[in-house]
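I opened this model to look up its salt bridges. These are my notes.

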Amino acid sequence: MSMPNRRSLLLGAATSLAFMSLPGLAVAQGAGGFDDDRLYQDGAGQLYRKRGGQYVPYNGRVSHGRPVPDAEPDLDAEAYARRRAQRYGEPAPEGQAVNQTPANGPIQTPRPAEPGQAGWQMPPQQPDNGPIDYARAYGPATGEPFPVAAINYKKFNQTYLRQEVDFRTNEPPGTIVVDPRARFLYLVLPGGRARRYGVGVGKQGFAWSGTATINSKQAWPDWYPPKEMIARRPDLASQVDKLQSGLGVPGGSRNPLGARAMYLWQNNKDTLFRIHGTLEPHSIGQSVSSGCIRMINQDAIDLFNRVEVGTKVVVLG
């Protein structure tokens, strides 16, 4: 299709384009050369942004319905090092002097957001690559903003505890493979091995399979139950509060997504399925969820620390 025809098609279908912006979001006119901070979607699922009144295909990262801006493309390594040295008081790059007191006054380092506030991110954590010691692996998690209680792993079905196993697959290392029938999630490792976790999966009528991508990762995420779920479970209405993106449960000890969540997308669209922690560790190994893949909180934290945004996830049928 020629560009003029494609543009006409888009403009002609403008009324059917789906807005994916957050409620109450302050639209920044002209940010990054775009008309607004919204994403638009055509009937085929392709995402677009508006620039100069025209729809421009968007293939970048998305988080909670908003485009995720890339790092400054024109900031070279030397300029970045100078900026970092100036901001954090680090030694200047060799041969470069850094003015610690700019003309407009000292640099103010913004105060980090607190858990539960917009913009808060869990500090990076290194995965434990030593031998799996269940007493340590399922003990109380340290360094968390909310308590993660120890799991009495001796009363668990040992099959569903974290372990490394032989695993033959054509998927490359780093891929997540979920076997809902066996209630296992595998993180593929080199050499025909995998790190295996027990999971809870979707109950009958809510099962899902296919290939997706981890589009974003959230520590102690807010949970926004779909309207259909609230309709099925009126008890949820008393649990949700008005949050920045609608009615939901704020991240914390009473949140059904637990300590971590990894959001699964297909073809630039949110599947509404997640890999996440749980308030009900006893449900691991069962078909109990509304389609999501739930893990013991300690296992969700461990997996979260090992995978990146963009990780391929294969859920077997």
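I take buried to mean under 20% relative accessible area, exposed over 50%, and partly exposed in between, with a 1.4 Å probe and protein chains only. The model is predicted, so I rely on local features at pLDDT of at least 70 and on side-chain atom pairs at pLDDT 80 or more, while totals for chains, interfaces and linings use all residues. Residues are numbered from 1 along each chain as its sequence is written, and side-chain values use heavy atoms, without hydrogens and water.

Entry one, the count. I searched the whole structure and found 12 salt bridges. A salt bridge here is a side-chain nitrogen of Lys or Arg within 4 Å of a carboxyl oxygen of Asp or Glu.

Entry two, Arg195. I found Arg195 in a salt bridge with Asp302, with 3.0 Å between the closest N and O atoms. Arg195 sits in strand S10 (residues 193–198) and Asp302 in helix H5 (residues 297–304), 107 residues apart, so I note a link between distant parts of the chain. Helices (H or I, at least four residues) and strands (E, at least two) are DSSP runs, numbered from the N terminus. Are Arg195 and Asp302 buried or exposed? I noted both as buried. Salt bridges with shared partners join Arg162, Glu164, Arg195, Asp299, Asp302 and Arg306 into one network.

I found its salt bridge with Glu171, with the closest N and O atoms 2.9 Å apart. Lys312 lies in strand S19 (residues 312–315) and Glu171 in the loop between strands S7 (163–166) and S8 (176–179), so the pair ties together parts 141 residues apart in sequence. Lys312 is partly exposed at 35% relative accessibility, and Glu171 is partly exposed at 21%.
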